Amino acid sequence: MTDALRRTIADCVGAWATCFPSIMVGVSGGLDSSIVAASAANMAKRLTCLNLVSPDFDGDERRYARALAESIGTLLIEEHRELQDIDVTVSAAPHHPWPVAPLYKQTNEAIHRRLLSKLPVDAFFSGNGGDGILCGVRSAVPFIDRLLAEGPRPSLASTLYDLTLLTGADAKTVLKHGWDRYRRNRGRHRPLINLAGLGKEIGRTIRAEGASHPWLDAPDDILPGKTVHAAYLMRAQKGVELYPRVTMPPHIAPLMSQPIVEACLAIPTWEWIAGGQNRAVARKAFEGYLPELITARKQKGGPGDFHLSIYRAHRSALHDRLRGGILAESGVLDLALLDIPEDPSWRGTERIDRILTFVAAENWSRYWEGS
C-alpha cells in the first residue's frame, strides 16, 4: 500500500514537473509540500524551493525547509512576509469566483512578483490540498469505519489506541464521541456552517437551504469516513488557482491529480491514523526519501499569527471598511460583530479571524461592483 502510493505520487508529480522548464515550489517544511518537492526534484529541469517566513514562532519553519532542500539538493530561497505588502482595501484574489482568499496572501503575490524579476519561473508548485487528500482526519470516524467494515475483531483495539495517541483523549472519550457521532447521522460528514457575524435573514436562509454540494450526497453503502474524506477534497478546491494565467505563471497543485486522489480514497481511514499519526500512510511511504525531521513532524506551522497582526495594525481601517461597505448594506454582515469588546487573549482570535474574513469578502465584492 505505501509503495503503491509513493509510486503514484512520484509518477504524477514527476509528470507535472516535465511540463515546465523552471519550477518554483513553495515549501513550508511540512509533509505535503515536502512530498511535492522531493517527487518533482528528479524530473524537473530546474527546481527552486521557496519558504515564506512570518515574524513569529509558528511562521518560522526554516529549519524544516532547509533540511528538505539539503536532502533533495535544491536551492532554497527564504523570504519574509511584511506588513508593508498588505493593502486592506484590496482583494488578494479578485479573479476568483468566490471571496475566500485571506488578506495575508497579498504577501505571497508581492514576493512572487519580486522573484519573477530575478529568476525564470514557468510554474508555481505547492502542496495545496494535501491535508485533505492525504486524509488528515482527527475524529473517531476511523474507529466507526473499521467496526462497520470488519466487525468487533481484535484489530479494532489497535485503531482505538491509535486514536488516543492522535487526539490525546482517553479510550472512553474516543468511544463516547464515536457512539455520539454514529447515533447522530451514522457517522457521516455533517457540514458545519459558521453563522457568526452574518445577518439574521441570511443566516435563516442558509440554515433552511443547508449544504448543496453534490460531493456531500454520498451513496448509502459508503463508509462514513469516506464522506469525511470527500468533504476534505471539496474544501481543497479553493486552493487550486493563485493568479490569472494571462499575467502570471500557472499554479500547479500536483497532489490533486486524479490518480493520487483515487489512490488515497481507496485506503481505509484507519490506515491513515496508524501509529497515532495523521497522514500516516504518506509518512510511511516517504520514509527514507525525506528527512525524518519532516516525516516525524507532529506540529503544524503557518501564517496564522501574521494574519492576526494585520488586524492589530489596521483595526480602525478594517472596521470602517465594513461599517460603510456592501456586506453591511446588503444585510450579509451583522455589524454587532464589530461592537464586541476586544479580547486580547487567545479567545479573541476567532472573532478577529472572522472580521478579516468579512473584509476579504468586502474587498472582493467591491472589486466586482467596480467601487
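Where is E61 found?

1. E61 sits in the loop between β2 (47-53) and α3 (62-72). Helices (H or I, at least four residues) and strands (E, at least two) are DSSP runs, numbered from the N terminus.

2. This is a predicted model: local features need pLDDT of at least 70, side-chain atom pairs pLDDT 80 or more, while totals for chains, interfaces and linings use all residues. Residues are numbered from 1 along each chain as its sequence is written, and side-chain values use heavy atoms, without hydrogens or water.

3. E61 is buried, at 7% relative accessible area (buried: under 20%, with a 1.4 Å probe, protein chains only). Beyond neighbours within four places in sequence, E61 contacts S28, N51, R297, G301 and G302 (contact: heavy atoms within 4.5 Å). G302 is 241 residues from E61 in sequence, yet their C-alpha atoms are 8.3 Å apart.

4. Helix α1 (residues 2-17) has 16 residues and should span 22 Å at 1.5 Å a residue (1.5 Å times one less than the number of residues). Its end C-alpha atoms are 22 Å apart, which agrees.

5. In α1, L5, R6, I9, C12, V13, G14 and A17 are buried. Among the elements they pack against are β1 (23-26), α2 (31-41) and β4 (123-125). α11 (258-265), α12 (269-272) and α13 (280-285) are also partners.

6. There is one cavity of 30 Å³ or more (on a 1 Å grid over the protein atoms alone, a set of points where a 1.4 Å probe fits but cannot get out; lining residues have an atom within 4 Å of a point). The largest cavity holds about 30 Å³. S91, A93, W98, P99, V100, A101, A360 and W364 line the largest cavity.

Notes: Buried means under 20% relative accessible area, exposed over 50%, partly exposed in between (1.4 Å probe, protein chains only). On a 1 Å grid over the protein atoms alone, a cavity is a set of points where a 1.4 Å probe fits but cannot get out, and a pocket is an open set with protein on both sides within 12 Å along at least five of seven lines; lining residues have an atom within 4 Å of a point. Grid points are joined across faces, edges and corners, and a volume is the space filled by probe spheres set on the points.
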